[in-house]
Amino acid sequence: TMKYIKLALDNLNIKPNSEIKGHVTVNYPGMYDGVVINTLIIGSNKLVVYKSYNDEKISNNVSRLFISRDIMPDNKAKFTAVIEFEPEQSHDVKFRASIIEQHKEVESDQLFAKFSA
């Protein structure tokens with residue numbers, strides 16, 4: 001069966017200050033408002049910073065990205081992000097994308113990447 005939301009990254013090995021590219025595909029029959037992408041660097045209080053979505057630059061540093069359905073042609077969204085610190089050890093990074101409908105999360109997908117110097 002098709003998942004309602006699918007999250008993917010171009011590369012699951014993340015290096016400091018290198019562009020993280022990912023995309024989300026929504027296959028949800030309901031009227032949803034958009035998707036939220038959250039990221040957690042496990043074992044660190046540092047943040048992943050989102051830089052763009054669907055080729056729109058993000059001016060302020062956000063670590064939680066909301067993408068409105070209005071700007072998701074074909075129910076797809078792509079995004080870029082970066083982790084801007086040099087880790088002393090490798091960290092697992094959890095990416096989670098959720099469909100938001102009337103302020104509630106209806107479905108989500110997640111994946112883990114590795115972050116190391």
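**Figure 1. Overall fold of the predicted model.** The protein contains zero helices and 10 strands, where helices (H or I, at least four residues) and strands (E, at least two) are DSSP runs numbered from the N terminus. Its radius of gyration, taken over C-alpha atoms, is 14 Å, close to the 13 Å that the globule rule gives for 117 residues, so the protein is as compact as a globular protein of that length. The globule rule is 2.2 Å times the number of residues to the power 0.38. Along the sequence, the elements follow the pattern β-β-β-β-β-β-β-β-β-β. The C-alpha trace spans about 45 × 30 × 25 Å along its principal axes. This is a predicted model, in which local features need pLDDT of at least 70 and side-chain atom pairs count only at pLDDT 80 or more, while totals for chains, interfaces and linings use all residues. Residues are numbered from 1 along each chain as its sequence is written, and side-chain values use heavy atoms, with hydrogens and water left out.

Figure 2. Of the 117 residues, 40% count as buried; buried means under 20% relative accessible area, exposed over 50%, and partly exposed in between (1.4 Å probe, protein chains only). Among contacts (heavy atoms within 4.5 Å) between residues at least 6 apart in sequence, 68% join residues at least 24 apart. The protein exposes about 7,000 Å², of which carbon and sulfur atoms supply 47%; accessible areas come from the Shrake-Rupley method with a 1.4 Å probe. There are 15 positive and 15 negative side chains, and the centres of the two sets lie 3 Å apart. Lys and Arg count as positive and Asp and Glu as negative, whereas His and the chain ends are not counted; each charge is placed at NZ of Lys, CZ of Arg, CG of Asp or CD of Glu.

**Figure 3. The five-stranded sheet.** This open sheet has the strand order E2-E10-E9-E4-E7, with mixed pairing. Strand E2 (13-14) and strand E7 (64-68) stand at the edges, each with a single partner strand, so one side of each is left without a neighbour in the sheet. Two strands pair if DSSP finds at least two bridges between them. E2 runs parallel to strand E10 (residues 104-115) and is joined to it by two bridges, with Asn13 opposite Lys114. Strand E4 (residues 34-41) and strand E9 (residues 91-101) are antiparallel and share eight bridges; here Val35 stands opposite Ile99.

**Figure 4. The hairpin of E9 and E10.** These antiparallel strands are joined by 11 bridges. Glu101 has Lys104 in E10 as its bridge partner. Two residues lie between the strands, and Gln102 takes a positive phi near 50° in this hairpin.

**Figure 5. Surroundings of Gly30.** Gly30 is found in the loop between strand E3 (20-26) and E4. With a relative accessible area of 19%, Gly30 is buried. Leaving aside neighbours within four places in sequence, Gly30 is in contact with Arg69 and Glu101. Gly30 and Tyr4 are 26 residues apart in sequence and 9.9 Å apart in space, C-alpha to C-alpha.

Figure 6. Asn54 lies in the loop between strand E5 (49-53) and strand E6 (56-62). Although Asn54 is not a glycine, its phi is positive, at about 45°. Asn75 lies in the loop between E7 and strand E8 (76-82). Its positive phi is about 60°, although Asn75 is not a glycine. Asn75 counts as partly exposed, at 26% relative accessibility.
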